[in-house]
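Thanks, everyone. I will walk through a few local features of one chain and then take questions.

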Amino acid sequence: MAPTPDPNSVGGSAKQDEATLKVPSKDPKKKDEKKDEDLSEEDLELKQNLELYVERVQDPNPDLQKAALESMRQEIRASTSSMTSVPKPLKFLRPHYGTLKAFHETMPNSDLKKYLSDILSVLALTMSAEGERESLSFRLIGTEGDIGSWGHEYVRNLAGEIAQEYTKRQSEEASIDDLMELVQQIVAFHMKHNAETEAVDLLMDVEDLDLLLEHVDKTNFKRTCNYLTSAAKYLPGPDDMLVLDISYMIYMKFEEYPNALQIALFLDNTQYVKQVFTSCTDLLKKKQFCYMIARHGITFDLDDEMVADDDDREALQDIVNNTKLSEGYLTLARDIEVMEAKTPEDIYKAHLLDGRASSGASADSARQNLAATFVNAFVNAGFGQDKLMTVPSDSTTGSSGNWLFKNKEHGKTSAAASLGMIQLWDVDSGLSQLDKYFHSNDNPIIAGALLGVGIVNCGIKNDCDPALALLGDYIDKEDSSVRIGAIMGLGISYAGSQNDQIRSKLSPILNDAKAPLDVIAFASLSLGMIYVGSCNEEVAQSIIFALMDRSEAELGDALTRFLPLGLGLLYLGKQESVEATAEVSKTFNEKIRKYCDMTLLSCAYAGTGNVLKVQDLLAQCGEHLEKGDIHQGPAVLGLAMVAMSEELGVDMEIRSLERMLQYGEQNIRRAVPLALGLLCISNPKVTVMDTLSRLSHDTDSEVAMAAIISLGLIGAGTNNARIAGMLRNLSSYYYKDANLLFCVRIAQGLVHMGKGLLTLSPFHSERFLLSPTALAGIVTLLHACLDMKPIILGKYHYVLYFLVLAMQPRMMLTVDENLKPLSVPVRVGQAVDVVGQAGRPKTITGFQTHSTPVLLAAGERAELATDKYIPLSPILEGFIILKENPDYREE
Amino acid sequence: MVIKPDPNQPGSTHPVRILAYIETKKEEEGKFFFFDIACLGFKKEINLVSLQHQTMLTVSVKWQKKVFESIEIDTSQPPFVFKAQLYDLSGVPPERQKIMVKGGLLKDDADWSTLGLKNGQKLMMMGTADEIVKAPEKGPVFMEDLPEEQQAANLGYSAGLVNLGNTCYMNSTMQCLKSVPELKSELSNYQSARTKDVDQTSHMLTVATRELFSELDKSVKAVAPMPFWMVLQKKYPQFAQLHNGNHMQQDAEECWTQMLYTLSQSLKLPSPSEDPDAVKALFGLNLLNRLHCQESSEESSETESVFSLKCHISHEVNHLHEGLKHGLKGELEKTSPSLGRTAVYVKESLIDSLPRYLTVQFVRFFWKRESNQKAKILRKVDYPLELDIYDLCSEDLRKKLEAPRQKLRDIEGQKLGLQASAKSSSKGDDVKMTDAEGSSNQSGESSTGDQQEGASPHMTGIYDLVSVLTHKGRSADSGHYVAWVKQESGKWVQYDDANTSLQRGEDIIKLSGGGDWHMAYIVMYKARLISM
């Protein structure tokens, strides 16, 4: 019903204009008059006033004009703008928009014209046709004054138009200077008025986030950065990096170092990490930083620039090296009172299964004993005591080696290595316990001892490099099981360290024509782990050559898959950096080419949530293959790897995997449970649990096995009663099938891992950071699970120990300034997403109050329930140093 | 020869543990020997010659949880000397010590200067004086390595039988019969050479049965009873009937009866002296029939030997016990010698002797005259895990049973007395229903009774359920037969042709009919014996 102004009526005398122009304005007025009856007196008066001003504006007398414009402006500004209705002055001025616009064009350039432009710009907010951007164009010719005085809605509208104008001008390569000036004003306005998200959005649209730095202040930087970091997940590269860069700088500007460090770790930028250390002067805070770095699991050496004092540096380096992890974990265990060692039978709970439990067999089953070995290792991981391996040697049952010898051949490797798992993180006692096996004359036992050393040292660094010292000599031994033990041990203990010394030892194996395939496969894996996410050219070269040297028959072997995987791990999460290598992989033998391609793609984009790559991988899975190509397995896993980074992606992925189950070929169906396991690792979602439970009875035993293992993965370390019940029933359902029963046992061990104190999730720090080594460990196991029979059910079952890379206590342990445990009350509840919310919203819901140390489940967050202490990190996970609050008053 | 004291062991703290390093220049250059003088016992004789230490380094060594602070290293001496120092501190023999220096192990003949040790450096030592793990002389035997028959023994129950084409009636019958250990031992005593008195086919069938049972015991996988099946058809051609080219579905009861008959014929002969009829002793029971004619009030009585009791199912019968009573009472028409015409006689039977294994057949199939076909009664008839047939016995037999029953009650009373929670549930009731647990206890007792066979076991009239043969299906000529057998371990196993699976005791008594589920057709009870 908007009256269209007559543009042709311009010309002649002003009076004539007046007359002609009055006509169109009268028509609506008549209509309005009917409505006017509803208007209150005040409104009527306002309306008449405004009409008067409109007339006066067109008066030839500049003073009168000016006065009219002033008054009009007053009226508009004075109106309280609410979001839900158009302000009254604007409403009453609507009919006159055309009139004023036409008059504006006739005006000569003057201040008055600018004044009118301002008003027209505001009016265009409601009047302008879609896409015309009149508001902006009037604004640009108006006074360059305070835009905020026209209200939020106006500014918001303007921002939207700027974004459109910007893209238009970019394509025309026109100048944007005038726009940017306006942007400055808008951003300043938004930042002052709690609209950080809009400021950020505008700046992202005009690609000039640096501007933000000038405008953030103490009150709003947290919300700004919060928005930036969570927006980064949905941005395409390289914008995401840019956004994080900015938020790093903002955090640094306001000395919010823990957050800055988090982002530095996310960006994998050592320079930034150093900067955090050099900028911060508080030693205690630096200790907290060290704890954060230790949790992330990267190798980081402090230098005197970062910490000047030698003793301090040593203390800090100790924290980075994770030497206190075992202590903290045991503190937690003692507090929760779970120190008592558990036997596999305690986990199986066979007494709850009436009738169907297998009758007490007189002979041991090697397969069942092996399963018990793993269950025992996982359940008692890190506790330093168990009831199979560490029983004192003088007990009545005989020597402590007894359980070891209840395992057969290669089973002894896993049994000896399980000692490493039980002593996890406690290098000193671990090594002394393992020592006796070094002197055995049985090769599998030596291999197990070597692997055990690697496991004990997982994530722990030590100046003496005990793992390298002990394992180094065994790499080139005759027996390939011993070699694999040493190689795998090195891979586990030095994962992510990029240790050149080890590379020079392992690389030659890859290109040794005489080395057996399994040794080469494990060497490739270990190198991939040690150089995880490093894009190291030389390692990549060696693996590529090793792949090219494989004969046709070797390429068909199940273990060959570890070669491309090792290569993929080098580029874990490094996105485009993989492209050159991916190009090379196209020249491989066609048997492995596609497998390699998929593995590289999935590793490189792991944890990025890149939608395009998800589509690529989906397209691969959509093909119906005729003969036994195996590359769709890693493609399905890749889907999960790429999408696992954030909740939305996970949910979407779970849905599309469901489709694949229905329409996919056999080899896809076999990988789907594993992908589900990865998506919800240590996070037992009920829907996924049900899907896996259904698949665990699948007629295809491979699907069933994968589903059972995945049930273990999603419940890993949770003690989830529902999964435990499901597995118990499966153990009686499959009591006759040794292979499936083995998988059930392993899954049971996983669910009760660390008696429920551990998690396998590679994500930490409120699901923001992704530990590359942890992901590498899980992905390796999943790739091994793509073909169970020859690997996990064959003689390479010890690949299960790769999970140790992802094992971390899911605890929150508060320590005082001397790093001694300190018990304080905390609230633990479901985390709430507070991004973009105004004020100080509650961050947790449905909380319970506990005293530290506490366990944190997936999706849970803790906050201090006392003001007596101040935590040195805003993310209450892992080790948290508490400082006394100087302002605290008792009651 | 150079002898020097251990630098870290001043005589005052460990007066007897002074180490001496003896360097022999002539024969074995560069090698060190060390003696624990205390052990050798000539501590006083040796003069200690102290050496000059030109280059001393102080390091600390971490071993397990301990740290040995400020250990001096004489860099002019080979590392072995250092290891000897550590031996004294930790008790770890030098050859077991692994000292880690910057990612490498300290070798006995290494040169200190190349290692680049610094003053105050921390070293780490690994090693224990623990006994080296040795494999036990006799390694464990794993199930996977065992021959097949032992694996079967470990499983706790024997294998299933493959269906050869509508042979489920035979398979389930044989599985039930196999559960009688006494029958198995009788069979194993059976001579392979045929005696004259047994006809050829019976002999062959007996041998085939024996072979089948032993094969079942040895095997883990299901057995295809081909030879047995051939012999059975030869002996009883009715089982070889074909219908549309397939073997016809047969009645398991017929198979059961024929098998018992054959076995009783062939097993009776070899040892006529002590046990004239083994099968009869196991399964046979004598009935005392009393015929009574209401018209003429004549009475006559006779004894009859049967292999099983019949449970007739009428509208009033809800329970096995009622069915049995019903089955033992009947009317028949017979020429009355006094009346000289046929008259209606009432026949009442009582049990005169009890078998070790009591077989009861549920008469579920009958010939429907109006439709001219065999029909099935689906009615639910409960049966207990523990059956008392005292009131079906004749007067004489009851007298004999009194004393053993009293004793059994005493024993049970004692047991219940011990169990505070036990209820006086089953007292005074003819038929006792106990839960699965209770029955397994009692079966344990019955097996102890077996062991004391020499000490004259006595019948008590109480029987425990040991096997059930069920039929599933609506009509007699179709459906499926399955055997449910209690193992010596007390567990129930379902033998559904080749498939075997463990079952719970409470599921067994649910096979009582009344629906489309498996329902009991033949049940076998084992006598509970008590030694007096």
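Start at strand S10 (residues 869–871) of chain A, which pairs with S11(A) in the antiparallel sense over three bridges. Pairing here requires that DSSP finds at least two bridges between the strands. Strands are DSSP runs of E with at least two residues, helices are runs of H or I with at least four, and both are numbered from the N terminus. Within this pair, Tyr869(A) has Glu884(A) of S11(A) as its bridge partner. Six residues lie between S10(A) and S11(A), and the two strands form a hairpin.

Before going on: this is a predicted model, where local features need pLDDT of at least 70, side-chain atom pairs count only at pLDDT 80 or more, and totals for chains, interfaces and linings use all residues. Residues are numbered from 1 along each chain as its sequence is written, chains are lettered from A and ligands numbered from 1 in the order in which they are written, and side-chain values use heavy atoms, leaving out hydrogens and water.

S11(A) also runs parallel to strand S5 (residues 811–815) of chain A, to which four bridges join it. There, Thr814(A) stands opposite Ile880(A). Is S11(A) buried or exposed? Five of the seven residues of S11 (residues 878–884) are buried, so the strand is largely enclosed by the rest of the structure. Buried means under 20% relative accessible area, exposed over 50%, and partly exposed in between, with a 1.4 Å probe and protein chains only.

Next, the helices. In helix H7 (residues 134–141) of chain A, the buried residues are Glu134(A), Ser135(A), Leu136(A), Phe138(A) and Arg139(A). They pack against several helices, including H5 (97–106) of chain A. H5(A) and H7(A) pack at an angle of about 40°, with axes 14 Å apart. The contact, meaning heavy atoms within 4.5 Å, involves Tyr97(A), Lys101(A) and His104(A) of H5(A) and Glu134(A), Phe138(A) and Ile141(A) of H7(A). Axes are lines fitted to C-alpha atoms over the stretch in contact, and angles run from 0 to 180 degrees between N-to-C directions.

Last, some backbone geometry. Most residues other than glycine have a negative phi, and most peptide bonds are trans. Asn194(A), however, has a positive phi, near 60°, and is exposed at 56% relative accessible area. Thr852(A) and Pro853(A) are joined by a cis peptide bond, with omega about 0°. Pro853(A) sits in the loop between strands S7 (844–851) and S8 (854–855) of chain A.
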